[in-house]
Every structure is written in structure tokens, then in C-alpha cells.
Amino acid sequence: MKQVWAATAIALAATFSAASAQAAVKVDGMPLMQTAPANGVPLLINGAGVVNLGGKMAAAVYLPQNSTSASSIMTMPGAKSIRLTALANMSADALAKALDTGVKKGVSSAQYASFKPAMDAFAKQLASVKQIPKGETVELLFEPSNGIVLMGPGAHIIPGTGNAELYQAMLRMLPPGVVSSTAIQKQNIS
């Protein structure tokens with residue numbers, strides 16, 4: 001009988017462990033997963049919060065390992081992800097314009113000119129989506145060997161474009177707590 005109880009306790013512990021590893025961080029009531037896959041490698045949520053990018057969105061930054069240093073994020077090896085989840089139905093065109101405006105504000109005009117083809121590609125892809133329904137996510141995944149991959153509602157994907165400098169500009173337009181938050185990081189399961 002003790003063996004049955006022990007086996008049951010172990011099974012329950014494993015179940016609760018697995019469930020808590022997939023537990024969500026809530027941002028303005030929207031659940032965001034603690035891990036996000038990038039080419040089979042789990043990325044950990046590093047920070048999260050509400051942003052207004054053409055509409056209210058729950059934003060989260062995912063990294064291969066947690067970091068409290070915004071400057072070390074881009075030098076960290078591996079993929080990185082910015083996930084933007086609509087908190088209400090919103091225009092995809094408004095998101096594209098907000099991304100463009102945010103990037104433009106944070107860089108020199110010469111740098112922006114070099115980013116313009118990638119920003120135009122993002123805008124064109126988002127325009128094909130038209131609307132981002134509440135709860136749907138747009139992901140900006142940076143892959144060192146592939147650039148920035150845009151994934152949107154309905155599996156709309158634009159292949160890698162842009163570079164590390166453009167991704168840094170996108171990170172800089174996010175509030176510091178979205179990029180890195182020790183309170184969010186503490187929720188990650190080791």
C-alpha cells in the first residue's frame with residue numbers, strides 16, 4: 001500500500017511540475033506562456049507588460065537565458081523573441097505604423113534608411129492580415145543566421161529580413177519592464 005501511495009505522490013508531483021512549467025504569466029488579464037519555442041529551443045520569458053502599438057497589446061521578450069541587462073541581450077547567443085498579443089481586436093496596419101514610428105524615433109535617419117526595406121516588408125505582411133483578433137499574437141523572432149522572422153495571426157510568415165541592429169531598435173522602443181523584469185523572471189521554473 002505504501003508503494004501505491006508513493007507512486008501516486010510521485011505521479012502527482014510530476015503532473016504539478018509539468019503544469020507549473022507551462023503556467024502563464026498574466027499581463028492585463030492575458031495569459032502569456034513562460035517559455036516559447038524557437039527552432040526547438042525553449043526561450044524563457046525575460047520581461048512583460050502592456051504596450052500601445054497601434055492598440056493595447058501584452059508584450060513579452062523571450063531569451064535563451066534570463067538577463068537583467070538590456071545591453072547584453074543582443075550579444076547573447078541564440079534566438080530572441082518579441083511577442084505582441086492583442087488585448088482587443090486591432091488593426092494590423094496600426095501595428096505596422098507604430099513599429100515603423102517607434103523604430104524611426106530611436107535611430108538616426110541614415111540608420112532608418114537602411115532599415116526601411118525590412119520595415120516596408122513587415123508593413124506589407126501585416127497589411128495582408130488586416131485585423132489582429134483579441135488574444136492573437138504577432139511574433140518578431142530574431143535568428144542570428146536568418147534575421148528577423150515575422151509570424152502573425154493565421155500563420156502569416158515573412159522570412160528573415162532585417163538584422164541585429166533593427167532588432168535592437170525594436171527592443172529599445174519597448175518599456176524597460178517589458179525587456180527585462182526580475183519579477184517576471186522569478187516566475188520561470190528552472
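Trainee: Hi! Where does Gln65 lie?
Mentor: Hello! Gln65 lies in the loop between β5 and α2. Keep in mind that this is a predicted model.

Trainee: And what does Gln65 touch, not counting residues up to four places away in sequence?
Mentor: Gln65 touches Leu44, Asn46 and Met76 on that count.

Trainee: How far apart are Gln65 and Pro42 in space?
Mentor: From C-alpha to C-alpha, Gln65 and Pro42 are 9.4 Å apart, and in sequence they are 23 residues apart.

Trainee: Back to β5, then. In which elements is confidence highest and lowest?
Mentor: Strand β5, residues 56-63, has the highest confidence, with a mean pLDDT of 96. Helix α1, residues 2-21, has the lowest, at a mean of 36. Over residues 1-21 the pLDDT is below 50, and beyond near neighbours in sequence this stretch has four contacts in the model.

Trainee: What about the protein chain, what pLDDT does it average?
Mentor: The chain averages 83, and 85% of the residues score at least 70.

Trainee: New topic: which residue lies over the face of Tyr62?
Mentor: That is Arg83, at 5.6 Å from the ring centre of Tyr62.

Trainee: How many aromatic pairs does the structure hold?
Mentor: The structure holds one aromatic pair.

Trainee: Which elements give two or more residues to its lining?
Mentor: Those are α2 (70-73), α5 (164-172) and α6 (176-179). Among the lining residues are Ala70, Ile73, Gln168, Leu171, Pro176 and Val179.

Trainee: And by class, what does the lining of the largest pocket have?
Mentor: By class, the lining has eight nonpolar, two polar and one charged residues. Arg172 is the charged one, while Ser71 and Gln168 are the polar ones.

Note on methods. Residues numbered from 1 in each chain as written. Predicted model: local features only at pLDDT ≥ 70, side-chain atom pairs only at ≥ 80, totals over all residues. Heavy atoms only, no water. pLDDT = per-residue confidence, 0-100. Helix = DSSP H or I, 4+ residues; strand = E, 2+ residues; numbered from the N terminus. Contact = heavy atoms within 4.5 Å. 1 Å grid on protein atoms, 1.4 Å probe; cavity = no way out; pocket = protein on both sides within 12 Å on 5 of 7 lines; lining within 4 Å. Nonpolar A, V, L, I, M, F, W, Y, C, P; charged D, E, K, R; others polar. Phe/Tyr/Trp six-rings, centres within 6.5 Å; stacked < 30°, edge-to-face > 60°. Lys NZ or Arg CZ within 6 Å of the ring centre and 35° of its normal.
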